Amino acid sequence: MTRQVLDVESVLAFVTIADFQSFTRAAEALGTTQGAISVKLKRLEDRLGYKLLERTPRLVRLSAQGSVFLNPAREFVAAHDRAMVALVCESRRFRLGIAEHVAGPEIPLLLARLSERDPALTIEVRLENSRSLLNAFDEGALDAVIVRQEDDRRSGEDLGPEHFGWFAAPGFYHQPGKPVRLAALAPCCGVRDIAIRALSGADIEWSEVFVGGGHSAVMAAVSAGLAVAALSCRLAPPDAVEVGQRLGLPALPSSRIMLHSTLTDHRSRDALRTLVAVYREHRVPAHASVAF
């Protein structure tokens, strides 16, 4: 029996498509085109003699054989990467700053994907307020930062939209005729500024009854029923509800999440492509069609 020899790039294409459940986002992560990874997947399926992925206009999913092959495929790619790192790659530090009011549930996946793509990469992550991170970035202490668009107007990589709402505990009660009780971050917070401008524009009185030193503190105040807070819809506490319409509060304008980096070397750009793909993956609504 002839021994099958696998092409690592084809196996990597399969693993990446399976992870993102999208040919388009897998291509972004690998820095190539949808057509190129489709060809690599077809080459792998022909070599193995099995269909690994099932595709419809709205869905990409593993076949029965693909489910069996996925974990060994990951191990195959990881072994290849470790071998290459041992021979030719020196350790490198990637310093990433993420604004506290931007960091969300995608962070563990982001770190895992970065580690998988470059095992020799030491990842240093700082979670701070946007101004501190941007100052560190300008001074060369950070390689890349992720902030909201209003925090810095320079051009960068657009990672997707950020939508806001007014959130409170389900049992929160607002006494008619009284100022709206607000919880917010320190006065330098961009989301706080958005909220105050919206309330002032609608001639709604407000009173800041809780000022948190971090996003988690504000969320705790909301969950405790102390106040209403303007929060990102994706980062609001799971036990909170959107109360803008019920309380007659003004709609809040959307923002964009931006990545800023001046890195140009191949390894860094590869890490940045992975980062961008993970963020965009987490901003596709659950009901949306899967992109091909």
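V125 sits in strand β4, where strands (E, at least two residues) and helices (H or I, at least four residues) are DSSP runs numbered from the N terminus. This is a predicted model, so to speak of local features takes pLDDT of at least 70, side-chain atom pairs count only at pLDDT 80 or more, and totals for chains, interfaces and linings use all residues. Residues are numbered from 1 along each chain as its sequence is written, and side-chain values use heavy atoms, with hydrogens and water left out.

**V125 and its surroundings**

- V125 counts as partly exposed because its relative accessibility is 31%; buried means under 20% relative accessible area, exposed over 50%, and partly exposed in between, with a 1.4 Å probe and protein chains only.
- Together with L111 and L127, V125 makes a nonpolar surface patch of about 210 Å².
- Patches take residues with over 30% relative accessible area and no salt bridge, joining like charges within 9 Å and nonpolar side chains (Val, Leu, Ile, Met, Phe, Trp, Tyr) within 5 Å.
- A salt bridge here is a side-chain nitrogen of Lys or Arg within 4 Å of a carboxyl oxygen of Asp or Glu.
- Accessible areas come from the Shrake-Rupley method with a 1.4 Å probe, and for residues only the protein chains shown count as cover.

**The five-strand sheet**

- Follow the order β4-β3-β5-β12-β6 and you have an open sheet of 5 strands with mixed pairing; two strands pair if DSSP finds at least two bridges between them.
- At the edges are β4 (121–128) and β6 (157–162), each pairing on one side only.
- On average, neighbouring strands of this sheet are turned by 15° against each other, direction ignored; axes are lines fitted to C-alpha atoms, for helices over the stretch in contact, and angles run from 0 to 180 degrees between N-to-C directions.
- β3 (residues 92–99) pairs with β4 in the parallel sense over 8 bridges, and R93 stands opposite T122 in β4.

**D143**

- Look for D143 in the loop between α6 (130–138) and β5 (144–148).
- D143 counts as buried because its relative accessibility is 8%.
- Leaving out residues up to four places away in sequence, D143 touches R93, F94, R95, F137, H260, S261, T262 and L263; contact means heavy atoms within 4.5 Å.
- From D143 to G248 is 105 residues in sequence and 43 Å in space, C-alpha to C-alpha.

**The hairpin**

- β1 (residues 53–56) and β2 (residues 59–62) form a hairpin with 2 residues between them.
- They pair in the antiparallel sense over 4 bridges, with R55 opposite V60 in β2.

- Another open sheet has 3 strands in the order β10-β7-β11, with antiparallel pairing.
- β10 (229–232) and β11 (241–242) each have a single partner strand, so one side of each is left without a neighbour in the sheet.
- β7 (residues 164–168) and β11 pair over 2 bridges, and A168 stands opposite V241 in β11.
- Helix α7 (residues 190–201) lies across β7 and β10, running at about 85° to β7.
- Helix α8 (residues 215–223) also lies across β7 and β10, running at about 125° to β10.
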